Amino acid sequence: MNDTPRSIASQDERWVLPQGRSYETITDLVSAPLLERQRWSWRAWRIAFVASLLLTGLMLVSASWLLAQGIGVWGVNTTVVWGFAIANYVWWIGIGNAGTLISAMLLLMRQHWRASINRFAEAMTLFAAGIAGLFPILHLGRPLYFYWLTPYPNTMALWPQWRSALIWDFWAILSYILFSILFWYVGLIPDFACLRDRARSEKSRSRFGALALGWRGSARQWRLYHIYHMTMACLGVPLVVSLHSVVGLDFAASLMPGWSETIFPPYFVVGAMYSGFAMVVVLAAAVRWGFRLQAIITIDHFDVMAKIMLAASMIMSASYLTEWFAAWYGGDPNERSLVRFEFLGDYRVLYYLMLFCNCVVAQAFWARAARRSILAVVIVAILINIGMWLERITIVWNTLSHDYAASMWRVFHPTFWDYSLMFGSLGLFALLYLTLCRMAPIVSIHETRHLLSLEKQT
Amino acid sequence: MTRLLVVDFGEPGAVLEFARRARKAHYEVIDIYSPFPVEGAGEFVGGGPTALRVHMFIGGVAVAALAYGVEAWSATSNYPIISGGRPLDSWPAFMPFPFTVGIFGAALTGFISLLIQTGLPRLHHPIFAHEGFERTTQDRFLLALKPPAAMTQAEAKKRLEDMGASNIRDME
């Protein structure tokens, strides 16, 4: 009979490893890079910073060229009008979804291990959603008029078309970014207070002091903080689900074959969670290595995140199957012809690659050894991100290249400026992230301490 | 001026247990300062219902109603356009905007209410002057007690020492 209680389970099954098992070590591990910079070699950080700065420069150049020349510099044509821009937008917003989804959903599910990963997942959300928002604006053709999406009294006496998915998108992204900033910042207040009280230089003390707003950590403040945080999590989950559903509706509200499907909103939400978790894994590995957080971000975290990716992969595969089945069962010749085009048409290689990355690769996680190897988890996560990007690309290209009128069928050929804007946006994301690493704690200090205290009780 | 006694502890369980005993000995628990939320601290500092969630609900509904109002008014009376034969007030298509901004409205109202109720931002507070307070945002748990009126400060302190407290300090 196995009656070993959890309390005497081996140390390596715990979320916080022995070398981090005091409140002070946790605080020190996370705050040292911010407060005692000389203790750190910033060489890897500097190399990454310069590389991301160069890529950001590339993005600036390609965006300026785009603004100067118009969207003709891209590979878009009269048929494939969305090209890279909207696919990139959906990909980034998917990643942007995951941070709040992970953080809020795991909080509501009382998954205390989230303490080690939620902070950098939330920061990921902010930057990814912000970058995502740039793509539709750049794609407008006349980006300077993007504010026409807002209702304001104007000399033309016009109002936005409220039935348009574009308007829903605008408000969903805007609300989501602002909501995420609040969620992230409120979680940071107690950590800023901690940094304020540990800081030795007057400059960092006043900087963190101002950001902490005078937080005292009294029982009354904690209680209100806790209530607010939980309520925000309850609101965050439906907001995230609605945000990516609205992105799905950009497609589903149309009448195009392959887009006009009721499965799109939930299928997009799962896809967002899938690619977002994959991105969180990549960031977790980077943060763990860069800031020596092996005691706080453990192999168990990678293990459990791998299981979630495996589950998401199964749901994605089921969604693809549903799409094909619906096209066949619905009997619409255009839908059937589109599925044939997906498998046999111009983009078939991308489609097979997408299916391989999204459905096959994650099956490796059935093996415990694969889940517990950080290298394996990271490689799979990167492949999933590539697969999810290909998914958005193939959704956009296949349908637009193969709609009702055969005379309109065209193929999309990306240009240099398509690629430069995409890789540039990755650089901008990295740049923002690297900057944040030096300004705010990358792991939630107070939540990790709380996690430790819960573990001590068991 | 009220004089308080401040005792510090290393674990959340210890501070709660001591607070219960001190209350039995007629000390008044003023507050507990801790590096993370201490479950059960609510019984000492008023764990009753709070208006925070009510504020969030009202804020959210108000913003959502405003958004829907703008939609309905602009689409039906200020500039009606018949688009695809749909009714002027196409409420299902009008839902996403009020829903998403309403959630943000609730979040913002909650944030403002949180700041007001927690008394933030307040960059100075008497407790900050207390020696060792900076540890409460890191790894220590402080219990602020008001001694019974009948006792002198020295007696009150002695009594706490007898109850097993170490590291007791005065605070004004």
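Reader: Hi! Which residues does R114(A) touch, not counting those up to four places away in sequence?
Author: Hello! R114(A) touches S103(A), L106(A), L107(A), E122(A), H229(A) and E447(A). Contact here means heavy atoms within 4.5 Å. This is a predicted model, where local features need pLDDT of at least 70, side-chain atom pairs count only at pLDDT 80 or more, and totals for chains, interfaces and linings use all residues. Residues are numbered from 1 along each chain as its sequence is written, chains are lettered from A and ligands numbered from 1 in the order in which they are written, and side-chain values use heavy atoms, with hydrogens and water left out.

Reader: Thanks! Where is R114(A) found in chain A?
Author: R114(A) sits in the loop between α3 (83–108) and α4 (118–139) of chain A. Helices (H or I, at least four residues) and strands (E, at least two) are DSSP runs, numbered from the N terminus.

Reader: And is R114(A) buried or exposed?
Author: R114(A) is buried, at a relative accessible area of 4%. Buried means under 20% relative accessible area, exposed means over 50%, and partly exposed is in between, with a 1.4 Å probe and protein chains only.

Reader: What does the side chain of R114(A) reach at 2.9 Å?
Author: That would be the backbone oxygen of S103(A), and S103(A) is also one of the residues that R114(A) touches.

Reader: New topic: how many disulfides does the structure hold?
Author: Zero, over all chains. A disulfide is counted when a pair of cysteine sulfur atoms lies within 2.5 Å.

Reader: What about C359(A), how far is its sulfur from the closest cysteine sulfur?
Author: The distance is 9.6 Å, to the sulfur in C357(A), and that is too far for a bond. C359(A) is buried too, with a relative accessible area of 16%.

Reader: Let's go to chain B. Which domains is it divided into?
Author: Chain B has domain 1 (4–48 + 126–171) and domain 2 (51–118). These bounds come from an automatic or database domain assignment. The centres of the two domains, taken over C-alpha atoms, are separated by 46 Å.

Reader: Where does UniProt place the feature "transmembrane region" in chain B?
Author: The unreviewed UniProt entry places it at residues 54–73 and 93–116 of chain B. UniProt positions are given in the numbering used here, feature names are shortened, and annotations may be inferred rather than shown by experiment.

Reader: How much of those spans is helix or strand?
Author: Residues 54–73 of chain B are 100% helix and 0% strand, with end C-alpha atoms 28 Å apart. Residues 93–116 of chain B are 96% helix and 0% strand, and there the end C-alpha atoms lie 37 Å apart.

Reader: Which residues does a cis peptide bond join in chain B?
Author: L120(B) and P121(B), with omega about -10°. P121(B) is in the loop between α5 (96–118) and β3 (141–146) of chain B.

Reader: How many residues are in contact between chain B and chain A?
Author: 66 residues of chain B are in contact with 53 residues of chain A. F36(B), T137(B) and Q138(B) supply 12% of the area that chain B buries against chain A, more than any other three residues.

Reader: And what area do the two chains bury between them?
Author: About 5200 Å², with 69% of it on carbon and sulfur atoms. Buried area is the accessible area (1.4 Å probe) that two parts lose on being put together, summed over both.

Reader: What is K456(A) in contact with, leaving aside its neighbours within four places in sequence?
Author: K456(A) is in contact with R21(A), Y23(A) and E11(B). K456(A) lies in helix α15 (residues 445–457) of chain A and is partly exposed, at 36% relative accessibility. The C-alpha atoms of K456(A) and S22(A) are 9.7 Å apart, although 434 residues separate them along the chain.

Reader: Last one: what is the phi of A157(A)?
Author: A157(A) has a positive phi of about 55°, although it is not a glycine. A157(A) is in the loop between α4 and α5 (165–198) of chain A and counts as partly exposed, at 42% relative accessibility.

Notes
A polar contact is a pair of N or O atoms within 3.5 Å; within protein, one must be able to donate a hydrogen and the other to accept it, and residues adjacent in sequence count only if both atoms are side-chain atoms.
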